[in-house]
Amino acid sequence: MPKGMVITVGVGRGIEHAIALSIRNSHPDQIVFLVTEQSEKTLERIEEEAKGLGITLPPYETELIRDENDAELAYEAAVSAIRKLGGKGIAPSDITVDYTTGSKPMSAGALYAAIMEGCGEIVYVTGKRDENGRVISGTERFLTFAPTRLLARRFLTEAVRLFNAWQFTAAKQLIDEFLQPFPKDKVPELFPDLDGLGKLCAAYQAWDAFDHIAAQKAFDGVDRKTMERWSPDGQIARNKGWVNKLARKLQSDKPTERLCEELLVDLWANALRRLDEGRFIDAVARLYRLAELIAQFRLLRQFEIDTSDVEMGKVPENMREKLENYRDERGKVKIPLRASYELLEALGDEVGKAWAQPKLRDALSARNNSIAAHGLEPVTDEVAYKLKEAIEPLLNSVVPNLQQCLQETEFPNLSP
């Protein structure tokens, strides 16, 4: 692949030697010199010095910096130079930026451009200096490093911020965008933190979307070293254990295994996160579904009644006629939320007794009147929190160790 070079050019005597040596060291196929009106004259000296050293200069162009004391103008010129090389088929990863000479603002602008544009190398020529601060000819040393590592830190900081805000999709997209130019088999070695964080994003993204099977697989791809790097307190390991346990139960052939306490807790934890984010429509949707699941869970576990196929022989006589109205064309009796709680009440269950209290009915009514259900009213924080407060005691009654379980579902807070 062709290689390019962007070089800042100053006006001091002797800098032509360092620049010529830097060109010989990098072997570019194309150069763009960053010059000012004053330093453009230095190009003649660079050509002469290169010729004297037996160096054949490759084709080059110039990019003018209008003010050598303005770092922003220097940055813009450097970006333009890098993209100019890109127009000639030279990828940023194959461009070296030498910021040795020129004013400090020029060097700062070129350095920042190299980092932001993802250039392959940054080089600085150093060595013993004379009384004027210039590198003495013959003592030159080349300090070369990859700016992508500096840029990786910036991406890592932003990805961690997004992760901690539960924006897992955005965090993973950011990481994937940065890693895309690099060979996949080299990524774990080159950028272990970004690679590990990307895998964690995939796991938490799937978990937060209730895709527990995909989350389990994603967590399996996260090694212990990565978990310890991002969660020294072991929270990620606890999360992985929770997801694995829930995923196994959801894949069971037994209805009593699939409709488990862990599923109720997981849905509750998800609803709480949506409340924290102020996403009240999403929170209400999850809380309403949880209200349904609590009744279904209780009927199945305590009375072996499946709400999707109710055995009428297990139903109190005073409820049979009413439930017959829910028999479908296949002959199955499938009962909705209201009828499930009424059936629990008829069976004398404490969860069913909650239906006799206005708190739950009023909360569900507020939800039903909202635009998220059957009405036109907005879904406010009042609607969401009213439903939360009505459901919480029900959940505590069917999951006595709720608070302990919630500790396993708590998302970690990462530090870069």
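Start by selecting Arg 229 and Trp 230. The charged end of Arg 229 sits over the Trp 230 ring, 3.8 Å from the ring centre. Keep in mind throughout that this is a predicted model.

**A second charge over a ring**

Now select Arg 273 and Phe 411. Arg 273 lies over the face of Phe 411, and the distance to the ring centre is 3.8 Å. Both residues lead onward. Phe 411 belongs to an aromatic cluster, while Arg 273 belongs to a salt-bridge network.

**The aromatic cluster**

Follow Phe 411 first. Select Phe 163, Trp 166, Phe 168, Tyr 204, Trp 207 and Phe 219 along with Phe 411: together they form one aromatic cluster. Zoom in on Phe 163 and Tyr 204. Their ring centres are 5.3 Å apart and their planes stand at 80°, so this pair is edge-to-face. The pair links distant parts of the chain, with Phe 163 in helix α5 (residues 147–164) and Tyr 204 in helix α8 (residues 192–208), 41 residues apart. Are these two residues buried or exposed? Both Phe 163 and Tyr 204 are buried.

The structure holds 19 aromatic pairs. For another of them, select Tyr 99 and Tyr 124. This pair is tilted, at 5.3 Å centre to centre and 40° between the planes. Tyr 99 lies in the loop between β4 (95–98) and α4 (104–116), and Tyr 124 lies in strand β5 (residues 121–126), so the contact ties together parts 25 residues apart in sequence. Colour by accessibility here. Tyr 99 counts as buried at 15%; Tyr 124, at 24%, counts as partly exposed.

**Salt bridges**

Next, turn to charged pairs. A search of the whole structure finds 25 salt bridges. Select Arg 327 and Glu 324, whose side chains meet at 2.8 Å, N to O. Arg 327 is partly exposed at 36% relative accessibility, and Glu 324 is partly exposed at 35%.

Within the selection, look at Arg 279 and Asp 282: their salt bridge has an N to O distance of 2.7 Å. Arg 279 is partly exposed, with a relative accessible area of 36%. Asp 282 is partly exposed too, at 25%.

Then select Lys 322 and Glu 342. In this salt bridge the closest N and O atoms are 2.7 Å apart. It links distant parts of the chain: Lys 322 sits in helix α15 (residues 317–324) and Glu 342 in helix α16 (residues 337–346), 20 residues apart. Lys 322 is partly exposed at 37%, whereas Glu 342 is buried at 11%.

Finish at residues 30–35, strand β2. How many of its residues are buried? The count is 6 of 6, so the strand is largely enclosed by the rest of the structure. In a regular strand, side chains alternate between the two faces of the sheet. Check each face in turn. Gln 30, Val 32 and Leu 34 are buried on one side, and Ile 31, Phe 33 and Val 35 are buried on the other.

β2, α2 and β3 make a right-handed β-α-β unit.

Conventions: Residues are numbered from 1 along each chain as its sequence is written. This is a predicted model: local features need pLDDT of at least 70, side-chain atom pairs count only at pLDDT 80 or more; totals for chains, interfaces and linings use all residues. Side-chain values use heavy atoms; hydrogens and water are left out. Buried means under 20% relative accessible area, exposed over 50%, partly exposed in between (1.4 Å probe, protein chains only). Helices (H or I, at least four residues) and strands (E, at least two) are DSSP runs, numbered from the N terminus. A crossover is right-handed if, with the strands pointing away from the viewer, the path from the first strand over the helix to the second runs clockwise. A salt bridge is a side-chain nitrogen of Lys or Arg within 4 Å of a carboxyl oxygen of Asp or Glu. Rings of Phe, Tyr and Trp (its six-membered ring) pair if their centres lie within 6.5 Å; planes under 30 degrees apart count as stacked, over 60 as edge-to-face and the rest as tilted. A charge sits over a ring if NZ of Lys or CZ of Arg is within 6 Å of the ring centre and within 35 degrees of the ring normal.
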